[in-house]
Amino acid sequence: MRNFLASARFLASAKFLSACAAATIFAGTSAHADQPVEWETTFQAPATDMMRQIEWFGNYTMWFIVPITILVLLLLAYCIVRFRASANPVPSNTSHNTLIEVIWTVGPVVVLLCLAIPSFQLLTAQYTPPEEAKLTVKATGNQWNWDYEYQTDNTLAFNSAILQDGDRAAAGKEDRKAYPRLLAVDNELVVPVNTMTRVLVTATDVIHSFAMPSFGIKIDAVPGRTNETWFKAEKEGLYYGQCSQLCGKDHAFMPIAIRVVSDAQFKTWLAAAKTNLPGANKTLMAEVDGQNKVAAAGN
């Protein structure tokens, strides 16, 4: 939708305000990748090829939706004015019009074909990883937090829950731009950049949904069933999502945070996290924040 809105002059001001808001939020925190912003009118910036395909399809459908909406509106307005009772005291008795019937039958069929073919291709791509996964993580939804388990030689498992305001100082996450309220968690899921990652998704109690907008993934976590999704993040940073299935009273307080780092940083973190997760997280945060400060100073 981003390209479409950019080309629509009547929404140019709204997009400009959205871009300004995003720039303000991310200024001085280049290590952060993307998150929801106020007055957002577009998708979050894509961090995977799959999300770019989804964004393209959204732009593509708008070229059908907008003209059809305008056409229907104009036809309604014409019928209201042209065939109002005062202008037509004697209604027409016409009951059939072959040309119109052919048009309103063939037209929608052509439109549906133009939408169906790329949508089926996109759906197939979402369930067909282009390469074998190099990392597998199991995500288990609970009311109302997530358990993560790395399927490695020495299994690493931990819980990830919403970060309470009182715990920010101890966790070193007082920067609300990088760690926003209601989205930040105590333990992020850490993955290496440019690495095919398989996520096995299930739940222990009710149906949840594992969703990360910037990655273009959203899949239900169903008790007793293991669903599978995948992503290959192309940009380092911290990404936020949320449970996207109504799952109880604290559904709105069940965020998902994925930190994408370099391969070397991931290996170091993984080795340390198996014995001291809080210490490994703080060390990784300090390294990322240090790189961010150097990058900001260079600009």
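**Values against cut-offs**

User: Why does Asp165 count as partly exposed?
Analyst: Asp165 has a relative accessibility of 40%. Buried means under 20% relative accessible area and exposed over 50%, with partly exposed in between (1.4 Å probe, protein chains only), so at 40% Asp165 takes the middle class. The model is predicted: local features need pLDDT of at least 70 and side-chain atom pairs pLDDT 80 or more, while totals for chains, interfaces and linings use all residues. Residues are numbered from 1 along each chain as its sequence is written, and side-chain values use heavy atoms, leaving out hydrogens and water.

User: What makes the contact of Arg176 and Asp165 a salt bridge?
Analyst: The N to O distance between their side chains is 3.7 Å. A salt bridge needs a side-chain nitrogen of Lys or Arg within 4 Å of a carboxyl oxygen of Asp or Glu, so this pair qualifies. Arg176 sits in the loop between helix H5 (168–171) and strand S4 (189–192), and Asp165 in the loop between S3 and H5, 11 residues apart. Helices (H or I, at least four residues) and strands (E, at least two) are DSSP runs, numbered from the N terminus. Arg176, at 43%, is also partly exposed.

User: How do you know that Lys267 and Asp263 are about one helical turn apart?
Analyst: Both lie in helix H6 (residues 263–273), and because they are 4 residues apart there, about one turn separates them. Lys267 counts as exposed because its relative accessibility is 54%, whereas Asp263, at 37%, counts as partly exposed. Elsewhere, shared partners join Asp165, Arg168, Arg176 and Arg181 into one salt-bridge network.

User: What makes S1 and S5 a pair, and in which sense do they run?
Analyst: DSSP must find at least two bridges between two strands. Strand S1 (residues 135–142) and strand S5 (residues 197–203) have 7 and run parallel, so they pair. Thr140 stands opposite Thr202 in S5, and Leu135 has Thr197 as its bridge partner. S5 also joins S8 through 5 bridges, in the antiparallel sense. The sheet is open, with 5 strands in the order S3-S2-S1-S5-S8 and mixed pairing.

User: Why is S5 called mostly covered?
Analyst: Of its 7 residues, 6 are buried.
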